[in-house]
Each structure stands twice: as structure tokens, then as C-alpha cells.
Amino acid sequence: NIFLASSRELQPERQQFEIEIYRKTKSWFDKGIFLNLDIWEDMSARLSATGSQSEYDKFVQNADLFLFIAYTNVGLYTAEEFENAFGQFNSTKKPFIYTYFKAPPDNVPVDDSLPAFKKKLSELKHFYSNFSDSNDLWNQFNKELERLEADGFTENKRPDKSEGNTNITQTAEKIYNKDKKDTANNW
């Protein structure tokens, strides 16, 4: 489950991201991996006794991956979704959290909420990523998905270059030895 948090101004990026997620799901079908994307446009508009945002926060809490994207501002609700995801991460080590900022041109005004949020991330010792357009965002996030898939979605780490292809080699050896053992047991 992936929750994508962002403000209305990034609607085109969310729409393109949704297309790419479902293309990725289709390509991973044979691996038995299904990616479910939750975005606020798909949530119910029904009145809630606790407020609509509390309903969205339930999706945040059930997410395995939390993707935060911002452009010229960080809205109150988007910031709240991040806080909920971060609180959940602190207690359960999930969801894995990714933050991306679309770089605005010099002539586009930026709300004070944006540098304040970046400062907060810096205080958390988190390195966020910048993106130029929806293709750049997808390329960066797709690399993260590939890393997660290589680790069985149990860790979120960068590959250790000193290990080379150790994980791939170990996995191949396990499969080979299991097949060899199964074949021997069938004789």
C-alpha cells in the first residue's frame, strides 16, 4: 500500500504517478507483487464525525510506503499526513517514507511553509530529493521500488557496492540448492 500526500497544485504529477504505479503493478504481476496507490482524490467525500482528514489518516497508518511531494507550499493536511506517517514509522518502522520537492522557477512565489518543512526534515536528518517533472519523480521513485523488491520489501537500504551481487548470488544459490534437494527427494 502506497499513500501519496500532496497538495492540489501537483494534481498532474499525481495523475501521472498513478498511471506509472499501475504500469509497474502490471509488470510485476508474474512476481505476485501488487501496488495499491491511495490518493486523496480517491477518498470518500462523505461527512465523518471525526473529520475527513481523520479518515485519510487511516490510509496513512495502513501504508507500507508513504510518498510526500510538494511544490510551492506544504498544506496543513499534507503536513498532518506526514506527521502521522512519521509517528507510525517511529513506532513500527513502517511506512517507508520518501519526500520529493518539485523545484519551482525563480519567478514562482514560494509559501513560508515550504522552507519551514524542509528545515524540519533537515532537523530529522532526512535527505529529501528534488524532481523537475513527473517523469523525473517516477524515475527516482521507481529506483526505490526496485531496491525494495530486491530486499523482499523488508528493508529500505541502498545497495552496498562492496558486496557486489552477493544478495543475487545468495538468492540464486538458495533456489539452486532447494531445487537440487527437491529433485533428490523425488527419486
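At 2% relative accessibility, Phe17 counts as buried (buried is under 20% relative accessible area, exposed is over 50%, and partly exposed is in between, with a 1.4 Å probe and protein chains only). This is a predicted model, so local features need pLDDT of at least 70 and side-chain atom pairs count only at pLDDT 80 or more, while totals for chains, interfaces and linings use all residues. Residues are numbered from 1 along each chain as its sequence is written, and side-chain values use heavy atoms, with hydrogens and water left out.

Back to Phe17, which is found in helix 1 (helices are DSSP runs of H or I with at least four residues, strands are runs of E with at least two, and both are numbered from the N terminus). Setting aside residues up to four places away in sequence, Phe17 touches Leu4, Leu37, Leu67, Leu137, Trp138 and Phe141; contact here means heavy atoms within 4.5 Å. The C-alpha atoms of Phe17 and Ser134 are separated by 7.0 Å, although these two residues are 117 apart along the chain.

Leu137, Trp138 and Phe141 bring us to helix 5, where they are among the buried residues. What covers the buried residues of helix 5? The cover includes strand 1 (2–5), helix 1, strand 3 (65–70), strand 4 and strand 5 (129–131).

The geometry of helix 5 checks out too. Its 17 residues should span 24 Å at 1.5 Å a residue, and the end C-alpha atoms are 24 Å apart, which agrees; the expected span is 1.5 Å times one less than the number of residues. At the start of helix 5, a side-chain oxygen of Asp133 comes to within 3.1 Å of the backbone nitrogen of Asn135. That is a polar contact, meaning a pair of N or O atoms within 3.5 Å; within protein, one must be able to donate a hydrogen and the other to accept it, and residues adjacent in sequence count only if both atoms are side-chain atoms. Just after helix 5, Gly152 takes a positive phi of about 70°.

Now for the charged pairs. The structure holds seven salt bridges, each being a side-chain nitrogen of Lys or Arg within 4 Å of a carboxyl oxygen of Asp or Glu. Here are some of them:

| Salt bridge | N to O distance |
|---|---|
| Lys102 and Glu13 | 2.6 Å |
| Lys120 and Glu83 | 1.8 Å |
| Arg147 and Glu144 | 3.0 Å |

Lys102 and Glu13 meet in a salt bridge. Lys102 sits in strand 4 (residues 96–102) and Glu13 in helix 1 (residues 11–27), so the pair ties together parts that are 89 residues apart in sequence. Buried or exposed? Lys102 is buried at 17% relative accessibility, and Glu13 is buried at 7%.

Lys120 pairs with Glu83. Lys120 is partly exposed at 30%, and Glu83 is partly exposed with a relative accessible area of 33%.

Arg147 and Glu144 both lie in helix 5 (residues 134–150), three residues apart, about one turn of the helix. An α-helix has 3.6 residues a turn, so residues three or four places apart point the same way. Glu144 counts as buried, at 12% relative accessibility.

Lastly, helix 4 also holds Ser113. The Ser113 side chain reaches the backbone nitrogen of Val74 at 2.9 Å. Leaving aside neighbours within four places in sequence, Ser113 is in contact with Asn73 and Val74.
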